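Here are my notes for you to read alongside the model. Have a look at the structure first, then work through the points.

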Amino acid sequence: MLRFVLNRALMGLLTLFVAAVVSFIIVHLMPGSPGETALGASGDPQSIKAFNDSIGWNNPWVVQFVDWVRMLLSGSLGSSYVDNRDLSIEITTRIQVTAYLSLAAIVLTAILGVVVGVTAAVRGGVTDRILNSITAFFIAVPAFWFAIFLILVFAVFNPLLPASGYVEFSDDPIAWASSLVLPVLALAVHGAAGIARITRSAMLEAVGQEHIRTLRAMGVPRQRIVYLHALRFASVQIVSVIGLQFVLIFGGTVTVEQLFQLPGLGTGIQRAIGMHDVPAIQATVMVTTFVVVITMFITELATRFLDPKVRAR
Amino acid sequence: MIRSVMRRVVAIASATALITAGFAGVANAATKTLTIGDVSDPAPSKYDPYAYSDGQAVFFEALYDQLFVRTAPAAARGVKGSLVTKHTLSDDKKTLTLTLRDNVRFADGTKVDAATVKANLDRRNDGSLPSYAKFGAGGTQEITSVTTSGDFGVTITFKAAQPNAAYELSGPAGFIVSKAAAKNPVLLRSAPYGSGPYYLDANKSVKANTYRLQRNPAHWNKAKYPYDVIVYKVYATPQAQANASAAGQLDVTLQPATTSVPLLKARKVGLLSKGGNVYFMQWWDKLGKNDKFTEDKNVRLAFSYATDRDALVNGLFAGDRPTASLVGKTGLGYSAALDTTYKYNLAKAKALLAASKYPNPTFTIVIAASESAQTEILKQQWAKAGITMNVKIAANGGELFGAVRTASMGPFNFDTSNLAAWTGLMLNSFPNYQSATNAAISAAFGAYAGDNTSAAKAKALNEAIVNEGWTMPLRESFSYTGYKKTTIKPIKIGANGNVWPLLTEILPVK
C-alpha cells in the first residue's frame with residue numbers, strides 16, 4: 001500500500017510539473033506582454049518595458065519558471081497583472097463555487113446513473129428499452145442546451161428557481177441551495193446518462209458471473225444478490241467512470257458557470273484568458289491540475305478497495 | 001435502533017435548516033437591497049472613475065462623491081453642489097471658484113479638501129482618462145491652472161470662457177478620489193478610494209461577476225440613498241442578463257439588448273427606452289464615379305423602395321423600429337411622411353429602375369463582418385428588384401474605411417437627434433469624398449442652421465436628405481433600461497439625459 005501511495009504521489013508530482021511547464025510555455029507564447037495588459041491604453045513603450053522588467057518578464061524563461069515554481073512552493077499563487085489582486089484569495093473564493101457545483105453534480109450523477117443503470121439491467125424488457133432511450137437522449141444533449149432549457153422552464157416562464165447568480169451559504173442557505181439546483185442538474189444529467197449505460201452493462205456482466213449463479217442456486221434472496229453481490233462486482237467499473245466524470249465536470253464547468261453567472265474557476269479562467277492575465281491563467285491551471293491528480297488518486301484507492309485483483313497487483 | 005437515529009438526524013437537520021432560513025429571511029427583510037444587472041463590467045481593470053464614461057456612472061456614483069451633481073432636465077445642463085457648497089464663475093467665464101464641504105471623509109479616513117481636488121484635477125493630462133480628456137491640453141474645456149486657498153477653497157482657471165463650467169465638473173469628470181490615490185493611481189487598480197455613499201465589500205465581491213456595495217454609514221448625504229446594499233451583477237451575455245431580469249432577479253436591468261426586449265415585455269419588466277440612433281445605408285458616391293448608376297437619383301431611390309424594412313427588423317433586430325426617416329420618432333424633425341412614402345414597394349422600385357438607364361445595377365459593397373447578416377438580407381431583398389450586390393467583408397479597418405472612396409454605398413449609424421452634426425459631416429467630410437453637391441439639401445441645411453429649434457425646418461432637411469437619395473434610413477435603434485415594477489418606481493430619462501439613470505433616480509416603490 002505504501003509503495004502504491006508513493007508511486008502515485010510521484011506520478012502526481014510529475015503531472016503537476018508537466019502541467020506547469022506546458023501552461024508556462026503556452027502563456028509565454030501568447031501575443032502581447034503583461035506590461036500591455038497592466039498599463040492598457042495609457043502604456044507607452046517605455047513604461048510597458050519598465051513594467052515587464054520589474055516583474056522579470058524579460059529574464060530567460062528558465063529563470064522565470066524557477067522563480068514561479070519557487071513562489072508556488074512557498075504557498076503563493078501570485079497577484080494579477082490586471083488589477084494586482086491576490087490570486088490566492090481570488091482562487092480560494094472561486095474554487096468554493098466550482099467545488100460545490102462539481103461535488104453536488106457528481107453525487108447526483110452517481111445516484112441517478114447507478115439507480116437508472118441497475119433498474120435497466122435488473123428489470124430488463126420495456127423498462128430497459130425506455131431507460132435506454134432516455135439515456136441515449138441525454139447523452140446526445142449537450143449540457144449547455146439542457147441548461148438553457150432548464151433556465152427557460154424553471155426560471156423565466158415559471159420563476160421557481162433563480163435563472164442565474166450565486167448566493168453564499170453563509171448569507172442565506174436556502175438561496176445558496178436554490179442557486180445551485182439548475183446548474184447542478186444541467187451538469188449532472190448528461191453524465192448520469194453515461195454512468196447509467198456503464199452501470200447497466202456492468203450489472204449485466206455481473207449477473208452472468210459464476211459466483212452470482214452459485215448464490216442463486218444457494219437460494220440467496222434476489223435483492224441481496226443484485227444490490228450486494230452483483231453491484232459490488234459492477235462497482236469497480238462504475239467507480240472508475242465516476243472518477244473520470246468528476247474530472248470532466250470539474251474541468252467542464254466553464255459553459256455552465258457562464259450560463260448561470262456563477263463566480264467559479266471556469267468563469268475566472270475565461271476572464272483571465274480574455275484579459276491576458278498570465279498569473280491568473282497559470283494559477284488556475286495548476287489548481288485544476290491538482291484537483292484532477294487528487295481525484296484520480298482517490299478513484300484508484302477506491303478501485304483497490306473494491307477489487308481484490310487490483311489490490312493483489 | 002438505526003431508524004430511530006436516522007429520524008433524529010433528519011429532525012435536527014430540518015430544524016437547523018428552518019431556523020437558519022428564518023434568520024436569513026429576517027436579515028433580508030431588514031436590509032434594503034438594490035440589484036442591478038449589467039452586461040459589461042463597470043470596472044474591468046481598475047476603480048478609477050475617470051477611466052470610464054457616463055455608462056458606468058451609476059456604479060461609480062455609489063463609490064465616489066462628485067463636485068457637482070446634475071439636475072433634470074438634462075437639456076438645461078443644470079447642476080447643484082455636492083462636494084461643493086458654493087461656487088462662483090468670473091465675469092469672463094474663465095475662472096471658477098469653489099468652496100468645498102468641510103465634513104466629508106474618504107473610506108481611508110482622510111478628509112476631502114482643496115489639495116485633494118487639486119491632486120485630482122492635476123491628472124487631467126493623463127491620456128488614459130477619457131472623462132478628463134476635455135480638461136487636458138488641447139481639450140475643449142482645457143484647464144490652465146488649479147490653485148487652492150485655505151483648506152477648502154479651489155480656483156480653477158480655464159483657457160477659454162466656459163459658460164457651463166460647473167456642469168463640466170459633474171458626471172464622470174466630477175468624481176473625486178482620495179489624495180493618496182490621485183497621486184498614486186496604481187492604488188485604484190485594486191480598490192476604490194472614494195467618499196461615496198457606499199463602499200465596496202471586497203470579501204463579498206468577485207471581479208467581473210458580482211460587486212457588493214455596502215452603505216457608508218458615515219456618508220454626509222446618506223438620507224438621499226434609500227438602499228442599504230447594492231448588488232451589481234455582471235452578465236457574460238445579454239441573454240443571461242435578460243433571463244435573470246425576466247425571472248425577477250434584477251431590480252434594474254442596465255441596457256438590455258434590443259433582442260431581449262420582447263422577452264422582457266412579455267415578463268412585464270418595466271422598460272425605459274431612448275431612440276435616436278438611426279442605422280442607414282449611406283450613398284458614398286452620388287456622382288457615378290465608382291458605379292455609374294449612382295448618378296441617377298431615381299435609381300438610388302429605387303433601392304429604398306426595394307427595401308422591406310419591416311422584414312429586416314423582424315428578422316434581425318427585434319426591439320428596433322423600421323423607419324425611412326433619418327430622424328428618430330421623438331427627435332426634432334421626424335417625418336412620418338417618409339415612413340409612408342418609402343414603404344416597401346417592389347413594383348415601384350422595378351418601375352424606377354426600368355425607366356432609368358440602369359435597370360439592373362450591379363455593384364460591390366465592402367462591410368465589416370458584424371454587418372454581414374443585415375447586408376445578406378438586403379442583398380436578397382434587392383435581388384428581387386433586379387439589383388445585384390456583391391458583398392466583400394473587409395479584411396481590416398483600412399479596407400473598410402477606404403471603401404468610402406471606392407464603393408457606392410455602405411452601412412452607417414448616427415445619433416441623428418443631432419441632425420446638423422450629421423448633415424455637416426455628410427456634406428463636408430468622408431461620406432462625401434467625391435464632393436457632390438445638392439441644392440435642395442444645402443438650402444434646407446441653411447434654413448435649419450439659421451433656426452435650429454424649428455421642427456419644421458429640421459423636418460424639411462430630413463426629407464431633403466432622404467428624398468434626394470443621399471441617405472437611406474433602415475431602422476431606429478433604441479437603448480433600454482429595465483426595471484422591476486414591483487420594487488422600483490418607474491425610471492424616466494433624468495438628469496444625465498440618457499437611458500441609464502443616476503443612482504439617486506432609482507427609487508424603491510415602498
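**Notes on the core and the interface**

1. Start with Phe260(A): beyond its neighbours within four places in sequence, Phe260(A) is in contact with Ala147(A), Ile151(A), Ala163(A), Ser164(A), Gly165(A), Leu182(A), Pro183(A) and Ala186(A). Contact here means heavy atoms within 4.5 Å.

2. Before you go on, remember that this is a predicted model, where local features need pLDDT of at least 70, side-chain atom pairs count only at pLDDT 80 or more, and totals for chains, interfaces and linings use all residues. Residues are numbered from 1 along each chain as its sequence is written, chains are lettered from A and ligands numbered from 1 in the order in which they are written, and side-chain values use heavy atoms, with hydrogens and water left out.

3. Phe260(A) and Met203(A) have the most contacts inside the largest nonpolar core, which has 66 residues. Such a core is a set of buried (under 20% relative accessible area, 1.4 Å probe, protein chains only) Ala, Val, Leu, Ile, Met, Phe, Trp, Tyr and Cys residues joined through side-chain atoms within 4.5 Å. A second, separate core of 64 residues includes Val58(B) and Phe68(B).

4. Now the interface: 33 residues of chain A are in contact with 29 of chain B. Together the chains bury about 2,400 Å², 54% of it on carbon and sulfur atoms; buried area is the accessible area (1.4 Å probe) that two parts lose on being put together, summed over both.

5. How many salt bridges cross the interface of chain A and chain B? The rule finds one, taking a side-chain nitrogen of Lys or Arg within 4 Å of a carboxyl oxygen of Asp or Glu. Lys204(B) pairs with Asp171(A) in a salt bridge, their closest N and O atoms 2.6 Å apart.

Definitions and conventions
Buried < 20%, exposed > 50% of the residue type's maximum accessible area, 1.4 Å probe, protein only.
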